Amino acid sequence: MINFYKYLPVSKEDESWGLTVLNAGCTNIEATNVYPFKSHPAHHNFDWNSWRVLQEYQIIYITNGQGIFESESVKQIEVRAGTIILLFPNERHRYKPDSNTGWNEYWVGIKGDIVDNLCHSGYLNPEHPCLYIGFNESIFNIYNSIIEKTKEEKPGYQPLISGAVLHLIGSCHAAMKQSAAENKEEETIINQSRLLFRSNISNSYSPQQAAQDLNVGYSWFRKLFKNYTGLSPGQYYLQLKIEKAKEMLCNSNIPIKEISIDLNFDSSFYFSKIFKEKTGLKPTEYRKRSQDVLFE
């Protein structure tokens, strides 16, 4: 990344479009570097202790590193790579990269009736200034396009980059909606799979069968399940059987062999082996200990 920023003149004709770009840039802040660079105009410069208030909106994309953000509307929150930071006019704020990591940032400063209306309608909200979208190539490319056209400053560039900013805002909104929908769909799949495992605890069932019942690929399902639960679906299903076995050992005199059959283990020997691996006790030892505790 080559550091660049530019503060732009705006004419009445530019303002008549309803959205104008006031500044744009990108900077690489190395670990332990002073932030922000002191060469910015005084009305944009700040440090962590003094805070800052702008008369414009800014849309900042953190593509690498991490840091923190705070404003009048939100308490201090962590910012990770892949986060969009929104700044609002007359809103006191401060932010900075972590001194151990630094960060890369792309930003554009804007004003106009169009963005005011987006704020009033709730699309942009000071109470939700940090939006995690991950690394989004199309959004990254919009920033680069705005910066390149800003460097050239060819006739008519201002309406062109203003249109790009509107595209940027729409793309960020879509990325958030799609992410929420994907997460919701994934959560539904995980909850359905848990129900399938519980309802088939005594049957001949497998994680592969669960993926088939959910109409998803097994490799994808296994990875997703482990990300959500910390266990592979096979280990989760096995753990459910062990917990059910504990319940049966504590609350009944059902023979060990019958418990192994009820829970669809290959044999009572295999059941005892797995039970000891998971609990540290043989099923007979677990039953005796639970009964001893009961009658103490």
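**Notebook: a predicted protein chain**

I began with Glu148, which I found in helix α3; helices (H or I, at least four residues) and strands (E, at least two) are DSSP runs, numbered from the N terminus. The model is a predicted one, in which local features need pLDDT of at least 70 and side-chain atom pairs count only at pLDDT 80 or more, while totals for chains, interfaces and linings use all residues. Residues are numbered from 1 along each chain as its sequence is written, and side-chain values use heavy atoms, with hydrogens and water left out.

I then looked up how open Glu148 is, and its relative accessibility of 39% makes it partly exposed; buried means under 20% relative accessible area, exposed over 50%, and partly exposed in between, with a 1.4 Å probe and protein chains only. I also checked Glu148 against Trp51, which is 97 residues away along the chain, and their C-alpha atoms are separated by 30 Å.

**The whole chain**

I counted 10 helices and 8 strands in the protein chain. The radius of gyration is 29 Å, well over the 19 Å that the globule rule gives for 296 residues, so the chain is more spread out than a compact globule; the radius is taken over C-alpha atoms, and the rule is 2.2 Å times the number of residues to the power 0.38. Along the principal axes, the C-alpha trace spans about 85 × 40 × 35 Å. Buried residues make up 44% of the 296 residues.

I looked next at contacts, meaning heavy atoms within 4.5 Å, and among those between residues at least 6 apart in sequence, 68% join residues at least 24 apart.

**The cores**

Which residues touch the most other members of the largest nonpolar core? I found that they are Ile59, Ile84, Val108, Ile110, Tyr143 and Val165, in a core of 35 residues; such a core is a set of buried Ala, Val, Leu, Ile, Met, Phe, Trp, Tyr and Cys residues joined through side-chain atoms within 4.5 Å. Elements that each supply at least two residues of this core include β3 (57-71), β7 (103-111) and α4 (157-199), and α4 gives the most, with 8 residues. I noted as background that in soluble globular proteins nonpolar side chains tend to be buried together.

I followed Ile84 and, leaving aside its neighbours within four places in sequence, found Ile59, Tyr61, Cys130 and Tyr143 among the residues in contact with it. Apart from this core lies another, of 30 residues, among them Leu196, Ile259, Phe271 and Leu281.

**Loops**

In the loop between β2 and β3 I found Thr32, which has a positive phi of about 75° although it is not a glycine, and which counts as exposed at 66% relative accessibility. Pro36 lies in the loop between β2 and β3, and a cis peptide bond, with omega about -10°, joins Tyr35 and Pro36.

In the loop between α3 and α4 I found Glu153, with a positive phi of about 50° although it is not a glycine; at 33% relative accessibility, Glu153 counts as partly exposed.
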